[in-house]
Amino acid sequence: LSPRTSSAFSLVHPHRATQLPLQIPQQLSHNANAKSWLSRARDSLIHTIWRFPTHTALTKANGKASTVARPPPTLLARYGGDLVLRFEINSIDEAEALAQAINVLFLDVWEFTTDWVDIRLSKDVVPSLLGLLPPSLQHAHTPLMHDLAQAIFESYPSFTFLDPSTPPQEPSRSFSPDLRPPTDETNVFFRDYQPLSVIVPWMHLLRSLFPTHVRMISIGVSYEGRDIPALRVGVHPTNSEQPVSSRKTIIIAGGSHAREWISTSSVNYVAYSFITTYGKSKSMTKLLENYDWVFIPTLNPDGYLYTWENDRLWRKNRQQTALRFCKGLDLDRAYGFEWDNESSKNNPCSESFSGESPFEAVESRRFANWVRNETENNNVEFAGFLDFHSYSQQVLYPYSYSCTSSPPSLENLEELAIGLAKAIRVTNGEKYGVTSACEGSVMTTPNKKRTQSHSERSKTEKRLWPRMETGGGSALDWFYHELKVSYAYQIKLRDTGSYGFLLPSKNILPTGKEAFKAVEYFGEYLMGNKGIEKSETEPSVNDGAGIPRSKGVITEEEDWMVVKQELEDDLEKEVVANWELRRRRRK
């Protein structure tokens, strides 16, 4: 399914992107300064036949920045005056002041961790924001993106803003005697982010190509009437001698927040990897025989489509609220467990607006109804739930609503979470933090001064800082507490702020591989293998890139020691120290 030939790509812009004059290689022209009409005709003919790339195409292919296409006027008009600032917070007073200023000015909080807060705002609003902050925060911020419109423009595929009247051209390639395509071009689908109008036919295609273990299903219907598509992947061995037991199922979901495109592409990549390695890898075949895997690329199809056609940074769904000019509810704050709208009930314009009642968000309600129907009527037992988001590179476990309440199976959740982080790191070397969903979004500080050493701080009781947004009503907590799913996680994918939600498309494959290894480890762990029993000769995912695999069988104690040592070597000592500290306190 090639984006170049698909008529599904309907997103165009009335203004053409900046087109540079065609530049023919120097050796093809006798006199560049005084070309005759004959030489110009010859050059044009050569370009048409051999498809020499334009300077813009050469620049993109070679990764050089000598010439960069500029965003069209509409993107400049919408985002040209915006920027993203990162604030470093050092005290509770600073955190409270920043949280209050965000609520007063209705600012868009991109992400927040134990160390920083990223905020998108108009350049004109910066003086007003700084005026509401204490003197210590006046210079405690740095810009992450100086040209937000350019970053947004580059996150779209290159064909997005082309004039529809322009005939499509073959992608340009430099000459090579080797006819085999480069490794990263073997799967065109993952070369760029894809719109919903391409994702759905692609899912149907996978269903048609692999009918033995792939089914196309619908989770429900969105607010605007679109199906919420999903792929159900699994093999049901028939054995009439054994009684039929409940089918264990694992959900891999993404796209609850529309602008987090990398979460959608990663779910697609994991689904593709599972589907195409069935029968080629013993461990993957076993996973599909023991579990059903439900892959949901986007739980928010309306919002996702809106990010392609109108606002790239849209987060919520497209549901109407009490305020006509403020649409949308936050799907990940709309579930029934510990639902809390106190922080946003008077502000439907808030990016984390949870509605007037639990499950008011249509997509969250339909998803929950589908899940309950599966368990009550279709003999399904949900064994795991992985919810992909971006960004900040964290593996988060329950609870999200409270940092003072601990889940009953905390040690098991922490053990698997650290294993997931390890599986990601050994893939491409990316480090993911591990903590509870609440602590991942709440800054903490010791009662003593910040000049304490690390060992002193670890011995000091921590107290919580203000939250930038509510954590109640999350899908993570609902699955774990209400549905009794023993292993539920939210994984925040790349990156840590350099691009934020506008992660360049070159990150699709490496992030997808990291997600795949994490999901594979997840399944192995649930089968009791702790994610480490691998065959030495098993093939890698068929995208042409090998992925390191462990050899032999390691005991649980040895595996834990390896994990702990590697985490310490990669400056993750604080994660391990906090984990051990909580274990001692519980004893």
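1. Let's start with Cys326. In this predicted model, Cys326 counts as buried, because its relative accessibility is 8% and the cut-off for buried is under 20%. Its partner is Cys349: a disulfide joins the two, with an S to S distance of 1.7 Å.

2. On the geometry of that link: the torsion about the S-S bond of Cys326 and Cys349 is 65°, and the link is right-handed. Both cysteines sit in the loop between helix 10 (301-309) and helix 11 (362-377), so the bond ties together parts that are 23 residues apart in sequence.

3. How many disulfides does the count come to? Two disulfides, by the sulfur distance rule. Besides the Cys326 to Cys349 bond, there is one between Cys403 and Cys438, with sulfur atoms 1.7 Å apart. Here the torsion about the S-S bond is about -95°, so the disulfide of Cys403 and Cys438 is left-handed. This pair links distant parts of the chain, 35 residues apart: Cys403 is in the loop between strand 10 (394-397) and helix 12 (410-428), and Cys438 is in the loop between strand 11 (433-436) and strand 12 (444-446). Cys438 is buried, at a relative accessible area of 2%. If you number the bonded cysteines in sequence order, the pairing reads 1-2, 3-4.

4. Next, a helix pair to look at. Helix 7 (residues 196-209) and helix 8 (residues 261-277) have axes that come within 12 Å and cross at roughly 10°. Angles under 35 degrees count as roughly parallel, and helix 7 and helix 8 are therefore roughly parallel to each other. Which residues in helix 7 meet helix 8? On the helix 7 side they are Ile199, Trp202 and Leu206, and they meet Thr264, Asn268, Tyr272 and Ile275 in helix 8. By class, this contact has five nonpolar, two polar and no charged residues.

5. Two serines are worth a click as well. Ser474 lies in the loop between strand 13 (462-464) and helix 14 (475-482). Is Ser474 buried or exposed? Ser474 counts as buried, because its relative accessibility is 1%. Leaving aside neighbours within four places in sequence, Ser474 is in contact with Asp332, Arg333, Tyr335 and Ser400.

6. Ser218, for its part, lies in strand 5 (residues 214-221). With 33% relative accessibility, Ser218 counts as partly exposed. Not counting residues up to four places away in sequence, Ser218 touches Asp227, Ile228 and Trp370. There is also Ala230, which is 12 residues from Ser218 in sequence, with a C-alpha to C-alpha distance of 5.8 Å.

7. Finally, the whole chain. The protein chain has 17 helices and 14 strands. Of its 587 residues, 52% count as buried. The chain exposes about 27300 Å², and carbon and sulfur atoms supply 51% of that area. For contacts between residues at least 6 apart in sequence, 76% join residues at least 24 apart.

Notes. Residues are numbered from 1 along each chain as its sequence is written. This is a predicted model: local features need pLDDT of at least 70, side-chain atom pairs count only at pLDDT 80 or more; totals for chains, interfaces and linings use all residues. Side-chain values use heavy atoms; hydrogens and water are left out. Axes are lines fitted to C-alpha atoms, for helices over the stretch in contact, and angles run from 0 to 180 degrees between N-to-C directions. Helices (H or I, at least four residues) and strands (E, at least two) are DSSP runs, numbered from the N terminus. Angles under 35 degrees count as roughly parallel, over 145 as roughly antiparallel, 65 to 115 as roughly perpendicular and the rest as oblique. Contact means heavy atoms within 4.5 Å. Ala, Val, Leu, Ile, Met, Phe, Trp, Tyr, Cys and Pro count as nonpolar, Asp, Glu, Lys and Arg as charged, and the others, Gly among them, as polar. Buried means under 20% relative accessible area, exposed over 50%, partly exposed in between (1.4 Å probe, protein chains only). Accessible areas come from the Shrake-Rupley method with a 1.4 Å probe; for residues, only the protein chains shown count as cover. A disulfide is a pair of cysteine sulfur atoms within 2.5 Å.
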